Amino acid sequence: MKQVNLNNPIEIRTVGFSALEEALGPVGTTLFIKQQFDPLGRGDYTKEKYDSDDISIEEAGDLMRAFNK
C-alpha cells in the first residue's frame with residue numbers, strides 16, 4: 001500500500017482519483033463523481049446507465065481535470 005501524506009489535500013485527491021480510476025475505469029469514475037453531487041434516491045440508475053452515451057477516455061480525463069481545478 002502506498003504511503004499518503006494525509007496532511008496534503010492535493011496528494012489525497014490525486015491518490016484517490018487514481019484509486020477510483022483503477023477500480024472503476026474512466027467512465028465509472030466519472031459516474032461516481034457525478035453521483036456525489038446528485039441527490040440520493042432520485043432517478044433510475046440502471047435506466048440512466050444504459051441510456052447514456054459512453055464517453056471517450058479523453059472526455060473522462062477532461063472532466064477529471066476540470067474537477068481538480
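Is T29 buried or exposed? With a relative accessible area of 0%, T29 is buried.

The protein chain contains three helices and zero strands, so that, read from the N terminus, its elements follow the order α-α-α. Along the principal axes, the C-alpha atoms of the chain occupy a box of roughly 40 × 30 × 25 Å. The chain has 69 residues, of which 13% count as buried. Among its contacts between residues at least 6 apart in sequence, 45% connect residues at least 24 apart. One separation gives a sense of scale: G16 and D53 are 37 residues apart along the chain, and their C-alpha atoms are 25 Å from each other. G16 belongs to helix 1 and, at 31% relative accessibility, counts as partly exposed.

Confidence comes next. The mean pLDDT of the protein chain is 84, and 93% of the residues reach 70 or more. Helix 1 has the highest confidence, at a mean of 91, while helix 2 (residues 45–51) has the lowest, at 74. Where pLDDT is low, predicted coordinates should not be read in detail.

T29 has its place in helix 1. A polar atom of its side chain lies 3.2 Å from the backbone oxygen of L20. If residues up to four places away in sequence are not counted, T29 touches L20, E21, L24 and M64. M64 is one of the buried residues of helix 3.

The cut-off for buried is under 20% relative accessible area, and T30 counts as buried because its relative accessibility is 17%. The T30 side chain reaches the backbone oxygen of P26 at 2.8 Å. With neighbours within four places in sequence set aside, T30 is in contact with I55, A60 and L63.

Seen down the helix axis, the buried residues fall within an arc of 100 degrees, so they line one face of helix 3. An α-helix has 3.6 residues a turn, so residues three or four places apart point the same way. On the other side of helix 3, the exposed residues are E58, R65 and A66. The cover over the buried residues of helix 3 includes helix 1 (9–37). The length of helix 3 can be checked as well. It comprises twelve residues, 57–68, which at 1.5 Å a residue should span 16 Å, and the C-alpha atoms at its ends are 16 Å apart, in agreement with that expectation.

Aromatic side chains also connect helices 1 and 3. The structure holds two aromatic pairs. One of them is formed by F17 and F67, edge-to-face, with 5.4 Å from centre to centre and 85 degrees between the planes. This pair links distant parts of the chain, since F17 is in helix 1 and F67 in helix 3, 50 residues apart. F17 is buried, with a relative accessible area of 9%, whereas F67 is partly exposed, with 34%. F67 also pairs with F37, again edge-to-face, at 5.9 Å centre to centre and 65 degrees between the planes. Here too the pair links distant parts of the chain, F37 in helix 1 and F67 in helix 3, 30 residues apart. F37 counts as exposed, at 59% relative accessibility. Through these ring pairs, F17, F37 and F67 are linked into a cluster.

Notes:
Residues numbered from 1 in each chain as written. Predicted model: local features only at pLDDT ≥ 70, side-chain atom pairs only at ≥ 80, totals over all residues. Heavy atoms only, no water. Helix = DSSP H or I, 4+ residues; strand = E, 2+ residues; numbered from the N terminus. Expected span 1.5 Å × (residues − 1). Buried < 20%, exposed > 50% of the residue type's maximum accessible area, 1.4 Å probe, protein only. Arc of directions from axis to C-beta. Contact = heavy atoms within 4.5 Å. pLDDT = per-residue confidence, 0-100. Polar contact = N/O pair within 3.5 Å; in protein donor to acceptor, adjacent residues only side chain to side chain. Phe/Tyr/Trp six-rings, centres within 6.5 Å; stacked < 30°, edge-to-face > 60°.
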